[in-house]
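Reader: I am new to this structure and should be grateful for a guided introduction. Please begin by showing it.

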Amino acid sequence: MLRNISRGHILILAVFLPVFLGLVYIYYKNTFSSFTFCEPCYNDNKLEEDVKELVEKVEVKQCPDNASWKIGDFTIQPGVTYAQPSTQLGRTDVNSVTNWNVPLVWEGTFDPVVIDAIYKKMDPRIAVVVFAVGKYTRFLKGFIESGEKHFLVDFKVTYYIFTDNKKDVPEVARGKGRNISVIQVPSASRWQDVVLGRMKWATITIDKQIRNEADYLFMMDIDSVFHNRFGAESLSRLTAVLHRGYYKTKRNDFPYERRSNSKAYIPPGEGDYYYTAAVWGGYLEDMYQLVKYCYTMSQEDAKNKIEAVWQEESHLNKYLLYNKPTKVLSPEYLWSDYDKVPGDIKVVRISQLIKNYAEVRPNGGN
């Protein structure tokens, strides 16, 4: 398995990143690490173009298929006991396969014992990227504590916490092989800028750090709590989650970007599903391409003085329409405490918390 970038790329990163990104420091202490992007550089208009140019130029080449980390054969250790699978019985109230023939995952469509045993044998490293800017640091403790109980338990997991308030990151008891890395980012005056900034800082940090430390990466919203198992059934090359509000909606009623001058534009009559941007994941390199795409397209929109109706979620849906996900997760994998749970949702695995948006968002939720 080849997990490291080449010496040439390391040299480029070492020489140019401190100049363009205003890197202040990087330090590691046990399993709790941190680095900072200085705010004065962030406010420099020229830096925006420099960062974009750097991200485009310093792109690590894909490793050959026979050398890079990838899913292995579906092998399992002898002696694992589980119920015999049926060829006749299963969920009949929901669709469990997409029209491009990949799994659409619901409770009752997989055996957790079998799938965990398969993936644990592969021993993947999983990154979870969350942003806790401003008053959103209050959600960190609940997210991490519940994640330690339910999110890929007994797998290697690192929570990458992007925040403007490092001192508010709590110490939380974690299992073996489960770490925290803190990345300090500037504050924002609009919640929309926090959302769009996620793609920028995630793109840079994947290039700088995460690429060498993870095989899979999930982007998640911090204002959520895990309630039940969120396991290896979620892993694939590119995993998307159905938005709870639109999984029974006709495609022309999806909240896609319908303005043709936006890079996120999807014409009426097109579309598979409407995916949430609050949970999505996949192979590190595939996620890097998707995150970078959302950042680049939002920058193109900004040049044309337009902002996609749902920021990076609009660009995410545009990308996934033409680059199909290899696994789709049901709304079990992101529900909301605001909504009643219908009969087809047999288990809520993670749910967004009720909150006063006017109080927690930097611009009062507007």
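The questions below move from the whole chain to single elements.

Author: This is a predicted model, in which local features need pLDDT of at least 70 and side-chain atom pairs count only at pLDDT 80 or more, while totals for chains, interfaces and linings use all residues. Residues are numbered from 1 along each chain as its sequence is written, and side-chain values use heavy atoms, without hydrogens and water.

Reader: What pLDDT does the chain average?

Author: The term pLDDT denotes the predictor's confidence in each residue, from 0 to 100. In this chain, 76% of the residues score at least 70. The average for the chain is a pLDDT of 83.

Reader: Over which residues does pLDDT stay under 50, with 64 contacts beyond four places in sequence?

Author: A contact means heavy atoms within 4.5 Å. Where pLDDT is low, the predicted coordinates should not be read in detail. The stretch with those 64 contacts, where pLDDT stays under 50, is residues 1–30.

Reader: How many helices and strands does the chain have?

Author: Both are DSSP runs numbered from the N terminus: helices are H or I of at least four residues, and strands are E of at least two. By this assignment, the secondary structure of the chain comes to 9 helices and 13 strands.

Reader: Which residue in strand β6 is the bridge partner of threonine 158?

Author: Two strands pair if DSSP finds at least two bridges between them. Strand β5 runs parallel to strand β6 (residues 178–184), and 7 bridges join them. On β4 (residues 125–132), which pairs with β5 in the parallel sense over 8 bridges, alanine 127 stands opposite threonine 158. In β6, the bridge partner of threonine 158 is asparagine 179.

Reader: What relative accessible area does glycine 197 have?

Author: Glycine 197 lies in helix α6, which spans residues 191–208. Its C-alpha atom is separated by 8.1 Å from that of tyrosine 295, 98 residues apart along the chain. Glycine 197 counts as buried, because its relative accessible area is 14%.

Methods: Buried < 20%, exposed > 50% of the residue type's maximum accessible area, 1.4 Å probe, protein only.
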